Amino acid sequence: MRRFAFYWRYDTEEQRDLPDRLWAKTYLLLNLFTPTRKPARIEQGRDGRRRTVYDRPRTPWARVLEYDAASRADGGRGYVDDATRTRIENLIASTNPARLGREIAAIQDELERLSRERTEGMARRQGLDMGYLGKVIERMRADAEQDNK
């Protein structure tokens, strides 16, 4: 979650509500629209080096459907009931991934706006090492400047 919501301090009710909204959207983006590769096996070449072989990129939802189909083909009951499958497929069909990305960015901007001053002030008062946070802040500012051009 820190990857999306940063290391800010969230104190008010509004600030605590934003990460919940952010997580709901990133959950959809990561599980339904972002393909990932998983290690399939490790091979050893003739030179003795080990090499990881990855499967083809698929979304986590596509992986679940594959395991479900394999389970049903082997005579099992599967992993996903029909109501859940229908609900998730309707969610995929009705969700625009580009809009979802923009909504995530808007929530991140709001989190930064609400929390930056308090977090930086707290770090100054307590003498905290906020080196990583400083790098993130600078990268976000550079991205914002790039967007404004």
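A residue is called buried under 20% relative accessible area, exposed over 50%, and partly exposed in between. Keep those cut-offs in mind for T52: at 34% relative accessibility, T52 falls between them, so T52 counts as partly exposed. The model is predicted. It shows a protein with six helices and two strands.

**Overall picture**

- The elements run α-α-β-β-α-α-α-α along the sequence.
- The protein has 149 residues, and 27% of them are buried.
- Its accessible surface comes to about 11,000 Å². Carbon and sulfur atoms account for 48% of that surface.
- Take the contacts in the protein with a separation of 6 or more: 55% of them join residues 24 or more positions apart.

**Helix α2**

- Helix α2 covers residues 13–33, which makes 21 residues.
- The expected span uses 1.5 Å times one less than the number of residues.
- Several residues of α2 are buried, including L18, P19, L22 and T26.
- L28, L29 and L32 are also among the buried residues of α2.

**Q15, a residue of α2**

- Q15 has its place in helix α2.
- Is Q15 buried or exposed? Its relative accessible area is 5%, so Q15 is buried.
- Q15 and S115 are 100 residues apart along the chain. Their C-alpha atoms are separated by 7.6 Å.

**The strand pair**

- Strand β1 covers residues 39–44, and strand β2 covers residues 50–54.
- In which sense do β1 and β2 pair? They pair in the antiparallel sense, over five bridges.
- How many of the six residues of β1 are buried? The count is zero, and β1 is hardly covered.

**T52, a residue of β2**

- T52 lies in strand β2.
- T52 and I42 are ten residues apart along the chain, and their C-alpha atoms are separated by 4.5 Å.
- Which residues does T52 touch, leaving out those up to four places away in sequence? They are P39, R41 and I42.

**S71, a residue of α3**

- Helix α3 covers residues 60–73, and S71 lies in it.
- S71 has 17% relative accessibility, so S71 counts as buried. The cut-off for buried is under 20%.
- Neighbours within four places in sequence aside, S71 is in contact with G76, R77, G78 and Y79.

**Rings and charge**

- How many aromatic pairs does the structure hold? It holds one.
- A pair of aromatic rings is described by the distance of the centres and the angle of the planes.
- A ring also meets a charge here: the charged end of R37 sits over the ring of Y54. The distance from the ring centre is 4.4 Å.

How values were computed:
Residues are numbered from 1 along each chain as its sequence is written. This is a predicted model: local features need pLDDT of at least 70, side-chain atom pairs count only at pLDDT 80 or more; totals for chains, interfaces and linings use all residues. Side-chain values use heavy atoms; hydrogens and water are left out. Rings of Phe, Tyr and Trp (its six-membered ring) pair if their centres lie within 6.5 Å; planes under 30 degrees apart count as stacked, over 60 as edge-to-face and the rest as tilted. A charge sits over a ring if NZ of Lys or CZ of Arg is within 6 Å of the ring centre and within 35 degrees of the ring normal. Helices (H or I, at least four residues) and strands (E, at least two) are DSSP runs, numbered from the N terminus. Buried means under 20% relative accessible area, exposed over 50%, partly exposed in between (1.4 Å probe, protein chains only). Contact means heavy atoms within 4.5 Å. Accessible areas come from the Shrake-Rupley method with a 1.4 Å probe; for residues, only the protein chains shown count as cover. Two strands pair if DSSP finds at least two bridges between them.
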